[in-house]
Amino acid sequence: MLEIRRLILLRELAVRGTIAAVAEALNFTPSAVSQQLSQLEKETGTQLLRKAGRRVQLTPQAEVLVASVAEVLDTLERAEARLQAAATRVTGRVRVAVFQSAALAFMPTTLRAMAERYPDVRVEMVQREPEEALRETWARDFDMVIAEQYPAHAAPHHPGLDRHDLTTDAIRLALPAADESLHPVDSLDTARHMPWVMEPRGAASRHFAEQVCRVAGFEPDVRYETADLQAHMRLVESGNAVALIPDLIWAGRETSARLLQLAGSPRRTIFTAQRTAGAASPAARAFRDLLEQKALFGTATRPA
């Protein structure tokens, strides 16, 4: 009988890429991980790892084992969900990864409702960028992710993740309040000479914003870069920049910024994803249901 804990280490290596990353994720030492994997090779009588420079690669035989381990973990997750469903009270833990604007707009009221209705459920939240969080949820670091997808920029798909659309919001051009002493900026075309604030390169929002500007015939002067969309808001409101900002960022607050609709009325999609194997968990289902209710009925509209 193969040792399941060693098989899990092999799968972790396949997911995370290096022995050092596996050790960090599981709070082991790299030498302990290496020793356990060497022992697994002895148990199987098969070479599972080969050297590739300073790294190791999985052999085809190891890949076969990894696929089987994923099936075993899914079976165990389904069994745990069924066990929880047989209880008279909703209990357990839900680990959620969420990006900034969704955390601000949805999580406070959803967490309060969970605490009131399901006091025996522990909800843990970590802020993550959507693409990273989707992979980490697939890798079992989280039970659920709240992620986003921009127009013409599909979020990555991972096998075994079940997606539900949560809501959509319009993406608008955010401009500083009108200043009579300056040349009027009242459209995307007239904003071409303004400083821009955008998220760092690689973010879906950055790709979307640059494409909008390029289709309009200009390269934006991206003078400020930050992943903090609240900083985007402040830079626009203070007259230092213009930006393309989704409506959800403004939910529940007033602003001096002018928000102009873009051609084609593009919208961002916000969705949840969780492993299909854990979908029957009463705690996860309760959280997802409340989150969908808050997204449907509790989101404030953008400022006038």
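Trainee: How far apart are the end C-alpha atoms of residues 2-59?
Mentor: They lie 18 Å apart. Keep in mind that this is a predicted model.

Trainee: And how much of that span is helix, how much strand?
Mentor: Residues 2-59 are 62% helix and 14% strand. An unreviewed UniProt entry lists these residues as "domain: HTH lysR-type".

Trainee: Let's look at α3. What span should its 15 residues have?
Mentor: Helix α3 covers residues 30-44, and at 1.5 Å a residue it should span 21 Å. The end C-alpha atoms of α3 are 21 Å apart, which agrees.

Trainee: Which residues of α3 are buried?
Mentor: Val 33, Leu 37 and Leu 40. Seen down the axis of α3, the buried residues fall within an arc of 50 degrees, so they line one face of the helix.

Trainee: What do those buried residues pack against?
Mentor: They pack against α1 (4-16), α2 (19-26) and β1 (49-52).

Trainee: Which exposed residues sit on the face turned away from the buried side of α3?
Mentor: Gln 35 and Lys 42.

Trainee: Where is Pro 30, and what does it touch?
Mentor: Pro 30 lies in helix α3. Leaving aside neighbours within four places in sequence, Pro 30 is in contact with Ile 19 and Ala 23. The C-alpha atoms of Pro 30 and Ile 19 are separated by 6.0 Å, although these residues are 11 apart along the chain.

Trainee: How accessible is Pro 30?
Mentor: Its relative accessible area is 44%, so Pro 30 counts as partly exposed.

Trainee: What follows α3?
Mentor: Gly 45, which has a positive phi, near 70 degrees.

Trainee: Which residues have a positive phi without being a glycine?
Mentor: Asn 27 is one of them, with a phi of about 65 degrees. Ser 265 also has a positive phi, about 50 degrees, and is not a glycine.

Trainee: Where are those two?
Mentor: Asn 27 is in the loop between α2 and α3. Ser 265 is in the loop between β10 (258-261) and β11 (267-275).

Trainee: Is Asn 27 buried or exposed? What about Ser 265?
Mentor: Asn 27 is exposed, with a relative accessible area of 71%. Ser 265, at 37% relative accessibility, counts as partly exposed.

Trainee: New topic. How much space lies in the largest pocket?
Mentor: About 440 Å³. The lining has 17 residues, and the closest to the centre are Glu 77, Glu 80, Arg 95, Asp 143 and Arg 275.

Trainee: Which elements give two or more residues to that lining?
Mentor: They are α4 (60-85), β3 (92-98) and β11. The most comes from α4, with 6 residues.

Trainee: Last one, Gln 100. Where is it, and is it buried or exposed?
Mentor: Gln 100 is in helix α5, residues 100-117. The relative accessible area of Gln 100 is 14%, and buried means under 20%, so Gln 100 counts as buried.

Trainee: What is Gln 100 in contact with?
Mentor: Leaving aside neighbours within four places in sequence, Gln 100 is in contact with Gln 127, Ala 227, Asp 228, Leu 229 and Gln 230.

Technical notes: Residues are numbered from 1 along each chain as its sequence is written. This is a predicted model: local features need pLDDT of at least 70, side-chain atom pairs count only at pLDDT 80 or more; totals for chains, interfaces and linings use all residues. Side-chain values use heavy atoms; hydrogens and water are left out. Helices (H or I, at least four residues) and strands (E, at least two) are DSSP runs, numbered from the N terminus. The expected span of a helix is 1.5 Å times one less than its number of residues. Buried means under 20% relative accessible area, exposed over 50%, partly exposed in between (1.4 Å probe, protein chains only). The arc is that of the directions from the helix axis to the C-beta atoms. Contact means heavy atoms within 4.5 Å. UniProt positions are given in the numbering used here, feature names are shortened, and annotations may be inferred rather than shown by experiment. On a 1 Å grid over the protein atoms alone, a cavity is a set of points where a 1.4 Å probe fits but cannot get out, and a pocket is an open set with protein on both sides within 12 Å along at least five of seven lines; lining residues have an atom within 4 Å of a point. Grid points are joined across faces, edges and corners, and a volume is the space filled by probe spheres set on the points.
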